[in-house]
Amino acid sequence: MPGRIEDYALIGDLQTAALVGRDGSIDWLCLPRFDSAACFAALLGDEDNGRWRLAPAGAAECTSRSYRGDTLVLDTYWETPTGTVKVTDFMPQRDRSPDVMRIAECLSGTVDMHTELALRFDYGAVVPWMRRTDGHHVAIAGPDSVWLRSDPPVDTYGQDMRTHADFTLEAGRQAAFVLTWHPSHSLRPRRIDPYGALTQCLNDWEKWSAQCRYRGPWRSAVLRSLITLKALTYAPSGGIAAAATTSLPEEIGGVRNWDYRFCWLRDAALTLNALIAGGFLQEAHAWRDWLLRAVAGDPADLQIMYGIAGERRLPEFEVPWLRGYQDSAPVRIGNAAAGQLQLDVYGEVLDSLHLARSRGLGDETHAWNLQRALMDFLETKWREPDEGLWEVRGPRRHFVHSKVMAWVAADRAVRTVEARPKLRGDVDRWRSMRAQVHAEVCEKGYDPRRNTFTQSYGSQELDAATLLIPQVGFLPPTDQRVIGTVEAVRRELDHGGFVRRYSAGSGAVDGLPGGEGAFLACSFWLADALHATGRTDEAAELFERLLAVRNDVGLLAEEWDPVAGRQLGNFPQAFSHVGLVNTALALSAGRH
């Protein structure tokens, strides 16, 4: 059975990513893209579904591990009775084919090492045909081939449909393994020197990280989150994946298991905002270009998510041969929520484009034309119910957060033209829409008896997304309705000192059985709201509590179970790391 979600670290090459456990096993890897079929799927099943372990013979979990500086290069250490060894895992930014590189180095004494490779294509279902050629072990099945070699050469043997090797390292000696994916119909991939690739990979990440403008008290946590967000970016297109995995559960043994390896407009827009705030404008350019390509056409056909290269069709199906992470079934591939109506997405997209423009991204005519087209569509749709931010699979409702973000869309359109009169737009009509939305939300989305905004018009349920009302400028943080909402959410959505997304037992709202943990992004939103309403000490206390649930290398999943003390949901989760960055920036600004 795979370890806890927080037992994993991330490596990647800006086109895909792998999860490496504390036991030295790569239990998740999709090749050649984030959303390709996995060739290591032990994370969602067992070792027979594919993995690659490299560790001292007979050893279990490592002694320690860390990323090397401000990079995505992972160093894992084992102290054994005979010596100490370090395994360095990384994926260099690719030239043509994706490579996973693992370098074992003996630091003292002697260490007997063992590696075991079980390649299983198509999410753990297909055992490939193995052969040796030109110093490589080659695994082939259908369109996929994987080439494995070592430097210096290490003798291998086959057993139980797996490739094994035993070797001994003395102090100062190294052994490198290179695994390369390549289309099976093409000639063999180009050889890459793993030791030179390590140096280049370190240089690439250090150069990127040096652009970070944040110098506050939480710089290490912020920069690690920004590196993680960058690692979830698909470099060829600029699309940003919501997470590196599919079907890690929101409840152990439950059915709330979804595929997050796609580009949600909302998550990507918020990620973009965090990267811009950190000083990374190149990503903003790339994402805006991705957006313009992905949503080209009729605004009525706007989807809430796309493939990482802009693909529209993301059919959802189940994979019955995988039993699910710790028996949490089903495992789902694709995501049917792509066809939902979520009105808040328009607000997030227009807000991000407004922010990017204010930070010097330029006023390209086609980008503004897109924004005008989105506004034209939203004007005809904002009064309709939708599935909302949380992608409910029950009946549509008039979600308050959706309406607030429709207000944001109109507000940002108005402010854009006011700041740049050369940009054409029907400002009077947008001002009118902005006023109408505001009045309706304050009338129908607010419960005066409890002094709180609710999840949807006329409902009793609360929603943590209403914590964003002051952050987006809908109402000032001094407004008594805002203060009342913060208090109500804190009181009624509390889960062990963290925050649930919405009222417990809301299966009638989201249409799903079972429960879930505290939602980490919502907990960061509460910290932001506390700070905005003048309760900075309480905000900082909550922020430190959130930092404490990161794993040993600074990564966060989607949720936290305060009872079991473990992370839940897909991993690492962009939404959670965006929350961390934003809260750190807000608290740091308040200290000046």
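This is a predicted model: local features need pLDDT of at least 70, side-chain atom pairs count only at pLDDT 80 or more; totals for chains, interfaces and linings use all residues.

Trainee: How do the axes of helix α8 and helix α9 cross?

Mentor: Helices (H or I, at least four residues) and strands (E, at least two) are DSSP runs, numbered from the N terminus. Axes are lines fitted to C-alpha atoms, for helices over the stretch in contact, and angles run from 0 to 180 degrees between N-to-C directions. Here the axes of α8 (residues 400–419) and α9 (residues 427–444) come within 9 Å and cross at roughly 155°. Angles under 35 degrees count as roughly parallel, over 145 as roughly antiparallel, 65 to 115 as roughly perpendicular and the rest as oblique, and α8 and α9 are therefore roughly antiparallel to each other.

Trainee: At what angle do helix α5 and helix α7 pack?

Mentor: Helix α5 (residues 281–294) and helix α7 (residues 365–381) pack at about 55°, their axes 11 Å apart, which makes α5 oblique to α7. Contact means heavy atoms within 4.5 Å, and in this pair R288, L291 and L292 of α5 meet H366, A367 and L370 of α7.

Trainee: Is E283 buried or exposed?

Mentor: Buried means under 20% relative accessible area, exposed over 50%, and partly exposed in between (1.4 Å probe, protein chains only). E283, whose place is in helix α5, counts as buried at 7% relative accessibility. Apart from neighbours within four places in sequence, E283 is in contact with W208, K230, L272 and L275.

Trainee: What should I look for in the backbone?

Mentor: Most residues other than glycine have a negative phi, and most peptide bonds are trans. In helix α1 (residues 121–124), D122 has a positive phi near 55°, and D122 is partly exposed at 35% relative accessible area. Y123, also found in helix α1, has a positive phi of about 55°, whereas Y123 is buried at 5%.

Trainee: Which peptide bond has omega near 10°?

Mentor: That is the cis bond from L31 to P32, and P32 lies in the loop between β3 (25–30) and β4 (38–40).

Key
Residues are numbered from 1 along each chain as its sequence is written. Side-chain values use heavy atoms; hydrogens and water are left out.
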